[in-house]
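Visitor: Please take a close look at the aromatic rings and at the parts around them. I would like one connected account, in plain words.

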Amino acid sequence: AALLATSGGLAFIASARGLRPPKPHRRGSATNTVMSATPGFFEALSAQCKAKDSYLCVGLDPRTATAEEAHDVCCRLIDATKAHACCYKPNAAFFEAHGAAGWAALKGVTAKIHAVGSLCLLDCKRGDVGSTAQAYAKACYDDLQADAVTLSPYLGYDAIQPFVTGPYAGKGAFILCATSNPSADEMQSDALRDRVASLSSNGGAWGVKTAVASRPLGLVVGATRPAAVSAARTQNGDAWLLTPGVGAQGADASTVVRAALSSSSRDVRLVVPVSRAIMNADDPSEAARKLCQEIRDAISNAPPPPSLTDTLADASRRLSDTMSATFPRTAELLTGGALKPHQAKFVGCVLRSGALKFGSFQLKSGRQSPYFFNAGLVCDGNDAAEFFDAYAAAIQNSGLEFDVVFVDEEFVRTV
């Protein structure tokens, strides 16, 4: 018999034959990152975080009268904080405001960042397409020598691709996902933020088109919106989250850390940028050290991931009386021990990843549904492993036999 498989299908079909699927990508440290022949920005960032035990990014936003002052202020700050920063984030606008001299100063600051062995994340929020985007990428990477950039996704992947493919494979990109400015909600809905996060995952439409060395695409999520941080992490377990807003904007590190940590792993993919609280401090080095320690403490004190039993029990509690009436056996199955082990893992996986939700949902047909299920949201390596293993167990128990597996072109590209 022959079995047709989609991109996820091959993994669980191979497992049903007694073969193991390719080892899934896991979140977190440098050793768990999607690896490529040429190390990329996020592998280098992982190494910096591990070496310095730091997730603090020092923002460089020099509000000075001249370009020369901007250069000198930033270089002194880099020297003062180099022991505590996993990377630096110069804001291009504060240099561009000084014209050609400011551009030269920015090049000098980038060179200083590299001279102390660190990484330059250029905060430029570019967002154009075609030859214009290519020119922006060339300016950021070839002239300024940045290691990564921030980008606006408003024009779709066309605005992202030139920065993370071709000659710039291995460079990093953080995509604006949820910002915290007062008028953000005029354009950004929760659904839009979720879509940007999902598209950017390694298995999402943007992720699969991105050079392996540039994966995973990062996300910019304002720290003053902890619910948005948590939602982005639920939608995308792959991404490094850049969370501006700690310090002068009022967010605290412990809150953003709790929101950014995965519900299924203690691996950390988080960069906390702080600018004014360090730059304006009497002792910038000590301010950076304290913030770095605050972030470490928040990670250490974060509650452990919920157990499978807790996940199922929580889902059962969230079922309303209406839902219980609609699905009379659902709550009983979730908590009554009636599920087989592979079934329980499957349910826990899709609940944890947000692929399965209970409530009231309008389908594309216009009908109302008491539940929502989208397997495409299972895009994290850990969750995908459980998802595929559950399918493999179901196939093994079914007695089905097959000899040929057909896979789609998209899956071939992703592996």
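Guide: In this predicted model, the count of aromatic pairs comes to six. One of them joins Phe42 and Phe174, whose ring centres are 5.5 Å from each other, with 65° between the planes, an edge-to-face arrangement. The two residues come from distant parts of the chain: Phe42 belongs to helix α2 (residues 41-52) and Phe174 to strand β6 (residues 172-178), and 132 residues separate them. Are these two residues buried or exposed? Phe42 has a relative accessibility of 1%, so Phe42 counts as buried. Phe174 has a relative accessible area of 0% and is therefore buried as well.

A second pair is made by Tyr141 and Phe163. Their ring centres lie 6.1 Å apart and their planes meet at 75°, so this pair is edge-to-face. It too links distant parts of the chain, with Tyr141 in helix α6 (residues 130-143) and Phe163 in helix α7 (residues 161-164), 22 residues apart. Tyr141 is buried at 1% relative accessibility, and Phe163 is buried at 1%. Returning to Phe42 and Phe174, ring pairs join them with Phe41 into a cluster.

β3 is joined to β2 by four bridges, and the two strands run parallel. Opposite Pro90 of β3 stands Leu60.

Next in the order is β9. Strand β2 (residues 56-60) pairs with β9 in the parallel sense over three bridges, and Val58 faces Val274 of β9. How many residues of β9 are buried? Five of its five residues are buried, so to speak of this strand as mostly covered rests on the cut-off of under 20% relative accessible area. Both faces of β9 are covered: Leu270, Val272 and Val274 are buried on one side, and Val271 and Pro273 on the other.

On its other pairing, β9 is joined to β8 by two bridges, and these strands run parallel. Here Leu242 has Val271 of β9 as its bridge partner. Two bridges also join β8 to strand β7 (residues 218-221), again running parallel. Leu219 stands opposite Leu241 in β8.

An α-helix has 3.6 residues a turn, so residues three or four places apart point the same way.

Some backbone details remain. The peptide bond from Arg215 to Pro216 is cis, with omega near -5°, and Pro216 sits in the loop between α8 and β7. Lys125 is not a glycine, yet its phi is positive, near 50°. Lys125 lies in strand β4, and at 42% relative accessibility Lys125 counts as partly exposed. Gln145, also not a glycine, has a positive phi of about 65°. Gln145 is placed in the loop between α6 and β5 (148-151) and is partly exposed, with a relative accessible area of 41%.

Last comes confidence. The mean pLDDT of the chain is 81, and 76% of its residues reach 70 or more. Over residues 1-37 the pLDDT is below 50, and this stretch has 94 contacts in the model beyond near neighbours in sequence. Residues 410-415 also have pLDDT under 50, with six contacts beyond four places in sequence.

Definitions and conventions. Residues are numbered from 1 along each chain as its sequence is written. This is a predicted model: local features need pLDDT of at least 70, side-chain atom pairs count only at pLDDT 80 or more; totals for chains, interfaces and linings use all residues. Side-chain values use heavy atoms; hydrogens and water are left out. Rings of Phe, Tyr and Trp (its six-membered ring) pair if their centres lie within 6.5 Å; planes under 30 degrees apart count as stacked, over 60 as edge-to-face and the rest as tilted. Buried means under 20% relative accessible area, exposed over 50%, partly exposed in between (1.4 Å probe, protein chains only). pLDDT is the predictor's confidence in each residue, from 0 to 100. Contact means heavy atoms within 4.5 Å. Two strands pair if DSSP finds at least two bridges between them.
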